[in-house]
Amino acid sequence: ETPSEVVICPSFVYLGHLAEKLNTADIKLGAQNVSHIEEGAYTGEVSVSMLSDYGCEYVIVGHSERRMFYHENDELVAEKFSAVQSKDMLPILCLGELLEERESDKTEEVIARQLDEVINKVNIDAFERAVIAYEPVWAIGTGKTATPEQAQDVHRFIRQRLAGHNKDIADRVRILYGGSVKADNASQLFEMTDIDGGLIGGASLVVDDFIRICHAMRK
């Protein structure tokens, strides 16, 4: 069984500061986003080489907010996934459906589309060096919450989808839950068979809550 890890993914401007702070701690460094293009005249973009220079080990790709507000489509997310792995960093691939998609029973269709685009781009073997995060977009900051059982259902679907290509990889890949994980629901979520950890949003800004969530994972 893979030992649990704690990864901090700050905004770009804090990476250098945190890289020094985390150097002696048992905490990994990650980034919230990256450009899919390695070099060229793209003012304001941050490349995988830049992140690698700062010691990043993980990069979030396809976060629901990037998909919604910056119109990142499945193809672009797959390109970012591939770019991250080109520098031996691990992508944290975010998948998730909107409220209207859940209410019209399209959850599995949406998740399958988002996942398949990446599998088709990089092939299943790439998931040996990747993490997946399920984000029910309808349960983030809306007051609506997914039950642990609802989350588990989608996690199981993701794992089964991967298993259709390679069961061993599907069994080993870490699938995190990213739908408003809080200190008081973390233990229930992490008890689910296919939930291997959390992608923590707002609760990570409250130190005591974040520490409680980390402890819930390590029980």
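Which helix holds both aspartate 153 and arginine 156, and how many residues apart are they? The notes below take this up in point 5.

1. Before you start. This is a predicted model, in which local features need pLDDT of at least 70, side-chain atom pairs count only at pLDDT 80 or more, and totals for chains, interfaces and linings use all residues. Residues are numbered from 1 along each chain as its sequence is written, and side-chain values use heavy atoms, with hydrogens and water left out.

2. The sheet. Seven strands make an open sheet with parallel pairing, in the order S1-S2-S3-S4-S5-S6-S7. S1 and S7 are the edge strands, each pairing on one side only. Strands here are DSSP runs of E with at least two residues, helices are runs of H or I with at least four, and both are numbered from the N terminus. Two strands pair if DSSP finds at least two bridges between them. S1 is joined to S2 (residues 28–31) by two bridges, and valine 7 stands opposite lysine 28 in S2. S2 also pairs with S3 in the parallel sense, again over two bridges, with glycine 30 facing its bridge partner tyrosine 58 in S3. From S3 (residues 58–61), Tyr58 and Ile60 point one way while Val59 and Val61 point the other, and all are buried. Buried means under 20% relative accessible area, exposed means over 50%, and partly exposed is in between (1.4 Å probe, protein chains only).

3. Lysine 80 and glutamate 72. Lysine 80 sits in helix H4 (residues 74–86), and glutamate 72 in the loop between helix H3 (64–69) and H4. The two form a salt bridge, with the closest N and O atoms 2.7 Å apart; the term means a side-chain nitrogen of Lys or Arg within 4 Å of a carboxyl oxygen of Asp or Glu. Lysine 80 counts as buried because its relative accessibility is 4%, and glutamate 72 is buried too, at 6% relative accessible area. Beyond four places in sequence, lysine 80 touches Asn33, Val34, His36, Val61 and Glu72, where contact means heavy atoms within 4.5 Å.

4. A second pair in this region. Aspartate 74 forms a salt bridge with arginine 67, the closest N and O atoms being 2.9 Å apart. Aspartate 74 is buried at 12% relative accessibility, and arginine 67 is buried at 15%. Arginine 67 is also among the residues that glutamate 72 touches.

5. Back to the opening question. Aspartate 153 and arginine 156 both lie in helix H7 (residues 148–163), three residues apart, which is about one turn of the helix. Their side chains meet in a salt bridge of 3.0 Å, N to O. Aspartate 153 is partly exposed at 39% relative accessible area, and arginine 156 is partly exposed at 34%. Elsewhere, salt bridges that share partners join Glu5, Lys28, Glu57 and Arg174 into one network. The whole structure has 14 salt bridges.

6. Glycine 198 is found in S7 (residues 197–198) and counts as partly exposed, because its relative accessibility is 25%. Leaving aside neighbours within four places in sequence, glycine 198 is in contact with Leu176, Tyr177 and Phe190.
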